[in-house]
Amino acid sequence: MTHAFLDDATLASYETISYVWGDPSIRTVVEIDGSRVAIPRLAAAALARMRLQTGERTLWIDAICIDQAHDRERSHQVGLMADIFSSGDHCLAYLGSESSKQGQSAALAVNVLREHAMAERNVLELTGEGLDSKDFQLAPLIVECAKDAIDALRDILMDPWFR
């Protein structure tokens, strides 16, 4: 745990985590600098998922970085969240476990959209005309991929994080 000020010129780079709290009464104990702290289960899951297997990463997550036990301090920190998130290097969004339907849908959507973009680029390189080419034989495949991506994205957007 490192304490820092947003206006400190030597503020180290960090990444923020956005997630859905879920039921705050369902808690998991994590160890922070030798102390055991109970945090919401989904916050612990987000931290576990975002942890790097090799190397270090500095993460900011509200369940730990905002003193939840003191209303005045929590209210002050919540007022700074726009600055906290915009000052970080990246904002990571935790939608749920990879075994969840949302996790599978996210992976499918990313893969389908990547394949679609690669196919379109290949068509442009081969024909110079792009997807409007009359000779384009892959169009039905791309349309089918697009349907899968739309279904997958619809599943993702149903996640509580987007509400």
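Buried means under 20% relative accessible area, exposed over 50%, and partly exposed in between (1.4 Å probe, protein chains only). This is a predicted model, where local features need pLDDT of at least 70, side-chain atom pairs count only at pLDDT 80 or more, and totals for chains, interfaces and linings use all residues. Residues are numbered from 1 along each chain as its sequence is written, and side-chain values use heavy atoms, with hydrogens and water left out.

**Exercise 1.** Find how many salt bridges the structure holds, and describe them.

*Solution.* 
- Start with the criterion: a side-chain nitrogen of Lys or Arg within 4 Å of a carboxyl oxygen of Asp or Glu.
- The count comes to two salt bridges.
- R57 pairs with E15, with the closest N and O atoms 2.6 Å apart. These partners link distant parts of the chain, 42 residues apart.
- Now classify them: R57 is partly exposed because its relative accessibility is 29%, while E15, at 13%, counts as buried.
- D71 and R74 also meet in a salt bridge, at 2.7 Å from N to O. D71 counts as exposed at 53% relative accessibility, and R74 as partly exposed at 28%.

**Exercise 2.** Work out which side chain of opposite charge is nearest to D62, and which residues D62 touches.

*Solution.* 
- For contacts (heavy atoms within 4.5 Å), leave out residues up to four places away in sequence: D62 then touches Y19, W21, Q68 and M81.

Technical notes: Lys and Arg count as positive and Asp and Glu as negative; His and the chain ends are not counted. Helices (H or I, at least four residues) and strands (E, at least two) are DSSP runs, numbered from the N terminus.
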